[in-house]
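Hi,

Here's the structure I promised to pass on. Have a look at it first, and then read my notes below.

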Amino acid sequence: MKSKEFFTVKYEGADLSLKVKDFVSNEAALPLEVGQYLYVGYYKPFKNFYIDFSELNVEAVTISFEYLTSDGWVELPDVIDETEDFFKSGFIYFTRPSDWVESEQDSETNYYLRVKTDANLTATTKV
């Protein structure tokens with residue numbers, strides 16, 4: 001059973017949360033492609049999270065982040081992306097949106113960010 005001590009991470013219907021909570025011994029493939037989403041969620045609104053890559057993306061991409069409002073998914077403004085579009089490990093910082101609403105992904109309700117890319121990541125990218 002997962003606890004509220006760490007983030008929920010979902011990719012293409014798979015729950016990666018338990019795998020990626022340990023920065024040392026586990027890793028999960030993340031070959032994010034155009035039209036796919038990575039969901040990062042927590043039981044309450046948050047304002048940053050860390051991504052640790054064991055295999056980096058080397059493709060020229062632009063990563064964007066969205067959050068859910070009562071009107072649908074909208075782009076998250078003012079993001080500081082230390083990963084530089086998943087080229088290195090780092091924090092993602094942003095101002096916590098005041099209109100952020102919970103959503104359900106694979107029967108799990110959280111405050112989710114939806115991560116997308118404008119080009120396919122390197123197929124061997126791992127977190």
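Thr122 counts as buried, because its relative accessibility is 13% and the cut-off for buried is under 20%. One thing to keep in mind as you read: this is a predicted model. You'll find Thr122 in the segment after strand 10, which itself covers 108-117. Setting aside residues up to four places away in sequence, Thr122 touches Pro31, Leu56, Asn57, Val58 and Glu59.

Is Thr125 buried or exposed? With 0% relative accessibility, Thr125 counts as buried. Its side chain reaches back to the backbone oxygen of Thr122, at 2.7 Å. Leaving out neighbours within four places in sequence, Thr125 has quite a list of contacts: Ala28, Ala29, Leu30, Pro31, Phe53, Glu55, Leu56 and Asn57.

Ser54 sits in the loop between strand 4 and strand 5, and with a relative accessible area of 40% it is partly exposed. Ser54 and Thr125 are 71 residues apart along the chain, yet their C-alpha atoms are separated by 7.7 Å. Not counting residues up to four places away, Ser54 touches Glu27, Lys126 and Val127. With Glu27 there is a polar contact, side chain to side chain, at 2.7 Å.

Glu27 also has a charged partner: the side chains of Glu27 and Lys126 meet in a salt bridge, 3.5 Å from N to O. Glu27 lies in the loop between helix 1 (17-20) and strand 3 (38-42), while Lys126 is in the segment after strand 10, so this pair ties together parts that are 99 residues apart in sequence. Glu27 is partly exposed, at 35% relative accessible area, and Lys126 counts as partly exposed as well, at 27%.

How many salt bridges does a search of the whole structure find? It finds five. Here are some others to look up:

- Lys10 and Glu108 meet through their side chains in a salt bridge of 3.3 Å, N to O. This pair links distant parts of the chain, with Lys10 in strand 1 (residues 8-11) and Glu108 in strand 10, 98 residues apart. Lys10 counts as buried, at 4% relative accessibility.
- Glu66 forms a salt bridge with Lys116, and their closest N and O atoms are 3.1 Å apart. Glu66 is in strand 5 (residues 63-69) and Lys116 in strand 10, so the pair ties together parts that are 50 residues apart in sequence. Glu66 is buried, with a relative accessible area of 8%, whereas Lys116 counts as partly exposed at 29%.
- Arg114 joins in as well: Glu66, Arg114 and Lys116 are linked in a network of salt bridges.

Last stop, the nonpolar part. The largest nonpolar core has 27 residues, and those with the most contacts inside it are Phe46, Phe49, Phe86, Phe94 and Leu113. At least two residues of this core come from each of strand 1, strand 3, strand 4 (48-51), strand 5 and strand 10.

Cheers

How values were computed
Residues numbered from 1 in each chain as written. Predicted model: local features only at pLDDT ≥ 70, side-chain atom pairs only at ≥ 80, totals over all residues. Heavy atoms only, no water. Helix = DSSP H or I, 4+ residues; strand = E, 2+ residues; numbered from the N terminus. Buried < 20%, exposed > 50% of the residue type's maximum accessible area, 1.4 Å probe, protein only. Contact = heavy atoms within 4.5 Å. Polar contact = N/O pair within 3.5 Å; in protein donor to acceptor, adjacent residues only side chain to side chain. Salt bridge = Lys/Arg side-chain N within 4 Å of Asp/Glu carboxyl O. Core = buried A, V, L, I, M, F, W, Y, C linked by side-chain atoms within 4.5 Å.
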